[in-house]
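Work through the exercises below with the model at hand. Each task is followed by a stepwise solution.

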Amino acid sequence: MKHTITLTEKDYLTYQLYEYSTNPLRTFKRKRDYLVLVVFGVVFTLASYSSSDQVVFYVTAFLTAIWILFGKNYLRWRYKKHFAKHVKNTYKDALERKVQIEIMAIRSVLYDISR
């Protein structure tokens, strides 16, 4: 059974994001980045509250709340943007390549038919 597929930029980006999301070191780093900023926000909020500076307290409390609510979405967007740029720069000549996959009973064979 033979299948012909075309590898697009979206395919490479999906692979990069999947690889990133399943790598335990990278997921730890992403969680650490999020938690470090939450802790800094809470510390600055408490410090401004104890110093009786109302304006700074409300600003830091607001920014910390915004980060807690939308920080994970921002990090996800930032990493997706980073990998999209990486795919464009790294796989320039590999985009829109046609590949033929032959699946047999024992093995699978991959043919590059774009060249």
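**Exercise 1.** Which residue in strand 2 is the bridge partner of Lys2?

*Solution.* This is a predicted model: local features need pLDDT of at least 70, side-chain atom pairs count only at pLDDT 80 or more, and totals for chains, interfaces and linings use all residues. Residues are numbered from 1 along each chain as its sequence is written, and side-chain values use heavy atoms, without hydrogens and water.

Step 1. Find strand 1 (residues 2-7) and strand 2 (residues 97-103); they run antiparallel, joined by 6 bridges. Strands are DSSP runs of E, at least two residues, and helices are runs of H or I, at least four. Strands pair if DSSP finds at least two bridges between them.

Step 2. Lys2 pairs with Glu102.

Step 3. Follow Glu102 onward: its bridge partner in strand 3 is Val109. Strand 3 (residues 108-112) runs antiparallel to strand 2, with 5 bridges.

**Exercise 2.** Describe how helix 2 and helix 3 pack.

*Solution.* Step 1. Take helix 2 (residues 24-50) and helix 3 (residues 54-90): the angle is about 165°, and the axes are 8 Å apart. Axes are lines fitted to C-alpha atoms over the stretch in contact, and angles run from 0 to 180 degrees between N-to-C directions.

Step 1. Helix 2 is therefore roughly antiparallel to helix 3 (angles over 145 degrees count as such).

Step 2. Sort the contact of helix 2 with helix 3 by class: 14 nonpolar, 6 polar and 6 charged residues. Ala, Val, Leu, Ile, Met, Phe, Trp, Tyr, Cys and Pro count as nonpolar, Asp, Glu, Lys and Arg as charged, and the others, Gly among them, as polar.

Key: Parallel < 35°, antiparallel > 145°, perpendicular 65-115°, else oblique.
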